[in-house]
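Subject: Structure handover

Hello,

Here is the structure we talked about. Please open it alongside these notes.

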Amino acid sequence: MTGILRLRHVEGELARASRLPMRVRQGPDGVHLFDRQSGLNVLLDEVEVPQVAWAQAPRQVSVALTNACDLDCPFCYAPKTASVLDAGRLRSWLDELDAGGCLGVGFGGGEPTLYRRLPQICRHAAERTGLAVTMTTHAHRWTPRLVDVLAGTVHFVRVSVDGVGATYETLRGRPFAELRDRIGLIAATFRVGVNCVVNAATLPELDAVADLAADAGAAELLLLLERPARGRSGGGPDVAEDLHAWIRAYRGTVRLALGEGDTGGLPIAVPLPGERGLRSYAHLDAAGTLRRTSYDSDGEPVDGRGLLAALDRLQQKEAA
Ligand code: SF4
């Protein structure tokens, strides 16, 4: 989520916000206004919203459209079983999320551009709902034609950039020069962010990744400590410590974000302290199972009762 402005301290933003067709979400922290085009958030935290009026849906839901991917990154934790979401069911779940006060969905996978119905699903979300549509992609399948097809229906594109030059090429198995070209292509039309998996190989290249993000006009650099997967041990405490030191020393212009649970003792902004856990975020996998995060093994299949019913069952399980 883009940083939230606390209205009482940023009065100038009120005039700007009042000119935008902002989406309204009510919750334990007050009234949250969000503009999906610009990513602007405004929180009216002096308003006390009764619990009965709180949004039912999570604030943000990531959706693995497909498990398919044409890359084979060594740290990939996406399931390797062949699964793909049915577009008709997905449309109805997006409608449910929209009605339940969700602010945005993040399409991923696998690689979301391998999902055959991607343009139709993005168009549905953009035109039939108020949801912000973001996408996480390795970028190598993007062409001018795909840009044209998705223009106006995707609000933010996150590109995975793990290190630069030979490090990137070793991890992703694709030419780094080609990645740079694709980022330029995407950034000419969409608001972009950069995601970087941080491990012992990419850590020394964070300055270069941050420079690349700044050159591309990225709004955010999301740093994701590598998780244990596929026999690899993940980033580990030493990498986490060095990452935190790098963040403390960072003076660049691109806003930084960290994966949930990776913040350690860093002084981070928690703009919505009342919206934690499933109230804030949920993940729908490519088999149609709703989970707390993409790393969680426990989940609830979304059946004919709908996505919010699955969310309710998951919340009850967590509370038990
Ligand atoms: S691009 Fe993403 S989904 Fe594909 S193999 Fe790499 S980490 Fe996994």
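I start with helix 9. Its buried residues pack against helix 2 (87-99), strand 12, strand 13 (289-291) and strand 14 (299-301). Contact here means heavy atoms within 4.5 Å. Those buried residues are L307, L308, A310, L311, R313 and L314. Buried stands for under 20% relative accessible area, exposed for over 50%, and partly exposed for what lies in between (1.4 Å probe, protein chains only). Helices (H or I, at least four residues) and strands (E, at least two) are DSSP runs, numbered from the N terminus.

The length of helix 9 (residues 307-319) checks out: at 1.5 Å a residue its 13 residues should span 18 Å, and the end C-alpha atoms are 18 Å apart. The expected span is 1.5 Å times one less than the number of residues.

Some ground rules. This is a predicted model, where local features need pLDDT of at least 70 and side-chain atom pairs count only at pLDDT 80 or more, while totals for chains, interfaces and linings use all residues. Residues are numbered from 1 along each chain as its sequence is written, and side-chain values use heavy atoms, with hydrogens and water left out.

Salt bridges

The count comes to 18 salt bridges. The rule is a side-chain nitrogen of Lys or Arg within 4 Å of a carboxyl oxygen of Asp or Glu. A network of them links D298, E300, D303, R305, R313 and K317. R313 is also one of the buried residues of helix 9. D303 is partly exposed at 28% relative accessibility. R305 is exposed at 57%.

E127 and R123 form another salt bridge, with 2.6 Å between the closest N and O atoms. They sit 4 residues apart in helix 3, so about one helical turn separates them. An α-helix has 3.6 residues a turn, so residues three or four places apart point the same way. E127 is exposed at 54% relative accessibility, and R123 is partly exposed at 36%.

R227 pairs with D262 in a salt bridge, the closest N and O atoms being 3.3 Å apart. This pair links distant parts of the chain, 35 residues apart. R227 is in the loop between strand 10 (220-225) and helix 8 (236-249). D262 is in the loop between strand 11 (255-258) and strand 12 (281-284). R227 is partly exposed, with a relative accessible area of 23%. D262 is buried at 8%.

Strand 7 (residues 132-137) is mostly covered, with 5 of its 6 residues buried. It runs parallel to strand 6 (residues 104-108), joined by 4 bridges. Two strands pair if DSSP finds at least two bridges between them. G106 stands opposite T134 in strand 7. Strand 7 also pairs with strand 8 (residues 156-160) in the parallel sense, over 4 bridges. There, M135 has V157 in strand 8 as its bridge partner.

From strand 7 the chain crosses through helix 4 (residues 144-150) to strand 8, in a right-handed β-α-β crossover. Strand 6, helix 3 (residues 118-128) and strand 7 make a right-handed β-α-β unit. Right-handed means that, with the strands pointing away from the viewer, the path from the first strand over the helix to the second runs clockwise.

Backbone points to check

Most residues other than glycine have a negative phi, and most peptide bonds are trans. Please look at these sites.

- A cis peptide bond joins G109 and G110, with omega about 15°. G110 lies in the loop between strand 6 and helix 3.
- A139 is not a glycine, yet has a positive phi of about 85°. It is in the loop between strand 7 and helix 4, and is buried at 0% relative accessible area.
- R230 is not a glycine either, and has a positive phi of about 50°. It lies in the loop between strand 10 and helix 8, partly exposed at 45%.

Domains

The domain assignment gives domain 1 (4-53) and domain 2 (60-286). The bounds come from an automatic or database assignment. Their centres, taken over C-alpha atoms, are 25 Å apart. The contact takes 14 residues from domain 1 and 20 residues from domain 2.

Best wishes
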